[in-house]
Amino acid sequence: MSVRHALLALLSEGPKYGLQLREEFEARTGEVWPLNVGQVYSTLQRLERDGLVESDDDADPGPQKGFRITAGGADELAGWLRTPPDLASPPRDELVIKVLVAVRLPGVDVHEVIQAHRRYIVELMQQWTRLKDEEGDLDLGLALVVDAELYRLDSVVQWLDTADGRLKRAALEPPAPARAAAPLIRRRAGVRR
Amino acid sequence: MSGVLQLRGVSKTYLDGADEVHALREVDLAVEAGKMVAVMGPSGSGKSTLLTIAGALETPTSGDVLVAGHPLSTMSRDDRARLRRRAIGYVFQDFNLLPGLTAAENVALPLELDGVSAGKARATGLRALDELGLAERAARFPDQLSGGERQRVAIARAVVGDRRLLLADEPTGALDSENGEAVMRMILAACKHGVAAVIVTHDAQLASWADRVLFIRDGRVVDRTAPRRGPDSLLAEETA
């Protein structure tokens with residue numbers, strides 16, 4: 001999460017004080033990403049240094065100091081919104097690595113490892129879903145965050161299910177000869193041996 | 001506390017030619033009034049067999065099934081059939097509404113089949129539709145309802161009258177996510193009125209509505225979720 005761009009987004013609505021920025025940031029992200037005051041001020045200082053925001057020169061630094069976005073800041077924000085996050089290269093996902101290790105390790109039941117992770121994720125999903133149930137009409141920001149978390153976690157469960165099935169089938173089939181594709185993936189993923 | 005549904009050491013074995021297929025092995029399950037339990041597993045894991053045995057549509061090879069404290073194995077065929085009609089509601093993926101009947105008539109049908117007078121059955125059916133927010137759809141025929149509405153009518157039919165056990169097999173399978181969520185909210189509403197529900201599914205988002213989730217593999221319950229924590233822990237985790 002880019003605190004820098006979130007602060008620029010809040011300032012694009014009009015000038016605001018530091019404390020106000022912190023409160024609005026937390027309210028808009030459904031309080032799922034709490035910020036401390038120090039983070040807000042250090043980020044504002046860097047934004048000011050880079051010419052993306054301006055502050056009231058005469059005011060003391062502190063919660064009552066006002067900030068406003070500059071034209072450069074508005075350009076920066078517009079560019080960031082339209083820049084896709086880096087989804088192109090496979091992430092070095094810890095869960096994927098654990099399953100890959102479990103497949104190779106003697107004496108480890110990979111299906112049991114997969115199930116332990118599946119249960120944990122479903123328990124997390126139950127908590128997010130309960131939030132939907134108990135809160136009734138969720139704040140729009142929080143509702144979007146909850147949906148995003150549920151879909152993200154669901155995709156992990158789907159991967160675990162697929163891996164489970166693939167490993168089960170593979171155990172019944174004779175091992176295929178090694179192929180040359182692995183180095184290519186390793187290069188793209190940036191995984192070092 | 002005795003559950004609305006209890007399975008004790010339930011096994012089911014089929015013969016496939018000369019081979020024995022163990023569809024369920026020593027399954028224990030208890031579902032109390034007001035609770036929703038999800039059974040998650042891949043296709044062929046035995047989860048649908050579990051549902052048909054829980055619903056008295058099939059008998060186990062060994063083990064006991066108790067509905068509202070009554071062991072099914074000691075009941076006569078007629079008593080089991082009566083229990084199925086009066087105490088258990090089923091929801092399937094493909095709705096199973098009768099096309100020639102309105103929503104209200106579909107919901108009232110199980111009561112009429114059980115000998116309740118048409119007028120009383122209709123009034124009870126309308127009340128079930130009303131409780132689940134479908135009163136204005138009562139006079140529509142299934143082909144005049146959306147997929148999500150049809151499934152919600154099917155749920156109203158499953159809980160009409162004194163039915164206290166709702167068994168659902170992939171109840172949102174054919175629906176988009178918005179309608180799927182509406183269906184799950186409705187099952188949850190039925191649970192809040194005291195219904196015990198068992199949902200079998202391969203879908204984690206669906207299962208996450210349940211109080212408890214059982215994981216089934218090769219006919220065996222291999223794992224279950226811990227008692228559900230409240231959502232507060234999610235929001236508090238990163239504040240430190």
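Predicted model: local features only at pLDDT ≥ 70, side-chain atom pairs only at ≥ 80, totals over all residues.
**Chain A**

Chain A contains eight helices and three strands, arranged along the sequence in the pattern α-β-α-α-β-β-α-α-α-α-α. Of its 193 residues, 36% count as buried. Among the contacts in chain A with a separation of 6 or more, 56% are made by residues 24 or more positions apart.

**The interface between chains A and B**

The interface brings 28 residues of chain A into contact with 32 residues of chain B. The area buried between the two chains is about 2700 Å², and carbon and sulfur atoms give 53% of that area. On the side of chain A, the residues that lose the most area to chain B are A:Gln126, A:Gln127 and A:Arg130, which together account for 24% of what that side buries.

The table below lists counts for the pair of chains.

| Item between chain A and chain B | Value |
|---|---|
| Residues of chain A in contact with chain B | 28 residues |
| Residues of chain B in contact with chain A | 32 residues |
| Salt bridges | six salt bridges |
| Polar contacts (both residues at pLDDT 80 or more) | ten residue pairs |

Two elements, α6 (110-135) and α7 of chain A, each give two or more residues to the side of chain A that touches chain B. Of the elements on that side, α6(A) gives the most, with 16 residues. By residue class, the side of chain A that touches chain B divides into eleven nonpolar, five polar and twelve charged residues.

One salt bridge between the chains joins B:Glu181 to A:Lys132, and its closest N and O atoms are 2.9 Å apart. A:Lys132 can also be placed relative to A:Asp147: the two residues are 15 residues apart in sequence, and their C-alpha atoms are 9.3 Å apart in space. A:Asp147 lies in helix α7 (residues 140-172) of chain A. This residue has a relative accessible area of 31% and is therefore partly exposed, since that class lies between the limits of 20% and 50%.

**Helix α2 of chain B**

In chain B, helix α2 spans residues 77-87, and its buried residues are B:Arg80, B:Ala81, B:Leu83 and B:Ala87. Seen down the axis of α2(B), these buried residues fall within an arc of 165°, so they line one face of the helix.

Definitions and conventions
Residues numbered from 1 in each chain as written. Chains lettered and ligands numbered in written order. Heavy atoms only, no water. Buried < 20%, exposed > 50% of the residue type's maximum accessible area, 1.4 Å probe, protein only. Helix = DSSP H or I, 4+ residues; strand = E, 2+ residues; numbered from the N terminus. Arc of directions from axis to C-beta. Contact = heavy atoms within 4.5 Å. Buried area = accessible area lost by both parts, 1.4 Å probe. Salt bridge = Lys/Arg side-chain N within 4 Å of Asp/Glu carboxyl O. Polar contact = N/O pair within 3.5 Å; in protein donor to acceptor, adjacent residues only side chain to side chain. Nonpolar A, V, L, I, M, F, W, Y, C, P; charged D, E, K, R; others polar.
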